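Here's a friendly walk through one protein model. Have a look at it first, then read on.

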Amino acid sequence: MKVLITGANGQLGWELQRARPNGFEIIALDIQEMDITDSPAVATVIQEYQPDLIINTAAYTAVDKAEEDKDKAFAINANGAAYIAKAAQGCRARLIHISTDFVFDGTKSQPYRPGDRTNPISVYGASKLQGELDVLAKTMNSALILRTGWLYSVHGSNFVKTMLKLMAEKEELRVIADQTGTPTWAGDFARAIYRFADIPDIKGIYHWADAGTASWFDFAVAIQEEAFKLGLLKIRIPVKPIRTEEYPTPAKRPAYSVLDKSSTWKTLGYKASHWRDSLRRMLEELKEVRSEV
Ligand SMILES: NC(=O)c1ccc[n+]([C@@H]2O[C@H](COP(=O)([O-])OP(=O)(O)OC[C@H]3O[C@@H](n4cnc5c(N)ncnc54)[C@H](OP(=O)(O)O)[C@@H]3O)[C@@H](O)[C@H]2O)c1
């Protein structure tokens, strides 16, 4: 199967390249090779490669910056996604489009199901929701949309790497304890995406995240514990829980963004690992990478 990956230099795009199973040929493109906001370029490049499957991971992911950069967020997350969907239709390629838990407002107290009412509370969330709608419209509902949340990887910028840096520099950290979600390793998500790719004709919206739930505070504490055990951190510093109001940010974030993954587990025939096990595996990998440098 010939697979074209957009956003190939991002966390998920990079993990997708590493996780390539036998039988998959990969065309990895980032903005230098195909700017997804350039409609004619998207049409030409996709027509040229004639992929069987497109995995669209390209996105504007700076959640706070998006609040003052609305046009750009929508240009990439909504219009760009639509151009890809149109080009996919044009060459009869299947499309897997990646979306986010931030399409929900976080007011529920039970995990969000794929069919639950969306109501984004940030520009980023709204632009991603528009992307979902455009992708479904342009592909006549034949695309597969996979929503995820709280992604991290050895590659790229993310919460785990930020915490490790701050924990090595600061004497104390204060971390938000009243937002709940699920830290999710992009490595296992990439492997799951290929499992979805193996299912012919699968379409609609599914959720992927690691198992379990955590607050950012829980996540930070776990990062410190696991990193300390592995020798990635030399000392432990106090980590204190704070409320969202104590750490104001330009973008609002859902207080509860746990995704219901039951339809995914049923479809793939397996459950994701618990987030803490995935975190340990990622940190082990980070240790290896750092010792090679
Ligand atoms: N990160 C998370 O916590 C999270 C949570 C939920 C859902 N998601 C979704 O998961 C997907 C993958 O996220 P990620 O964490 O891998 O994102 P990422 O690391 O920010 O990667 C996105 C990639 O897209 C590229 N890109 C930006 N604008 C582009 C354009 N106009 N044309 C082509 N490529 C462009 C980026 O390049 P630059 O770096 O040069 O901008 C980057 O390489 C996205 O759809 C995101 O919305 C992410």
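## Before we start

This is a predicted model, where local features need pLDDT of at least 70, side-chain atom pairs count only at pLDDT 80 or more, and totals for chains, interfaces and linings use all residues. Residues are numbered from 1 along each chain as its sequence is written, and side-chain values use heavy atoms, with hydrogens and water left out.

## Helices α3 and α4

Let's begin with helix α3 (residues 70–90) and helix α4 (residues 123–138), whose axes come within 8 Å and cross at roughly 15°. That makes α3 roughly parallel to α4 (angles under 35 degrees count as roughly parallel, over 145 as roughly antiparallel, 65 to 115 as roughly perpendicular and the rest as oblique). Helices are DSSP runs of H or I with at least four residues, strands are runs of E with at least two, and both are numbered from the N terminus. Axes are lines fitted to C-alpha atoms, for helices over the stretch in contact, and angles run from 0 to 180 degrees between N-to-C directions.

The crossing of α3 and α4 is right-handed, that is, the near helix is turned clockwise from the far one by less than a right angle. On the α3 side, the residues that touch include K70, F74 and Q89, while α4 brings V123, Y124 and K138, among others; contact here means heavy atoms within 4.5 Å. The contact of α3 with α4 splits into ten nonpolar, five polar and five charged residues. In this scheme Ala, Val, Leu, Ile, Met, Phe, Trp, Tyr, Cys and Pro count as nonpolar, Asp, Glu, Lys and Arg as charged, and the others, Gly among them, as polar.

## Helices α1 and α6

Next up, helix α1 (residues 11–18) packs with helix α6 (residues 186–197) at an angle of about 60°, their axes 8 Å apart. α1 and α6 are therefore oblique to each other, and their crossing is right-handed. Q11, L12, E15, L16 and Q17 of α1 meet A186, G187, F189, A190, I193 and Y194 of α6. Sorted by class, that contact has seven nonpolar, three polar and one charged residues.

## Helices α5 and α7

Helix α5 (residues 159–169) and helix α7 (residues 216–230) have axes 10 Å apart and pack at an angle of about 65°, again with a right-handed crossing. F159, V160, M163, L164 and M167 in α5 touch W216, F219, A220, I223, Q224 and A227 in α7. Which classes turn up in the contact of α5 with α7? Ten residues are nonpolar, one is polar and none is charged.

## A pocket

The second largest pocket holds about 180 Å³ of space. Its lining includes Q89, R92, S142 and K203, and strand β4 (residues 94–100) gives the largest share, three residues. By class, the lining of this pocket has six nonpolar, two polar and four charged residues. A pocket is an open set of points on a 1 Å grid over the protein atoms alone, with protein on both sides within 12 Å along at least five of seven lines, and lining residues have an atom within 4 Å of a point.

Technical notes. On a 1 Å grid over the protein atoms alone, a cavity is a set of points where a 1.4 Å probe fits but cannot get out, and a pocket is an open set with protein on both sides within 12 Å along at least five of seven lines; lining residues have an atom within 4 Å of a point. Grid points are joined across faces, edges and corners, and a volume is the space filled by probe spheres set on the points.
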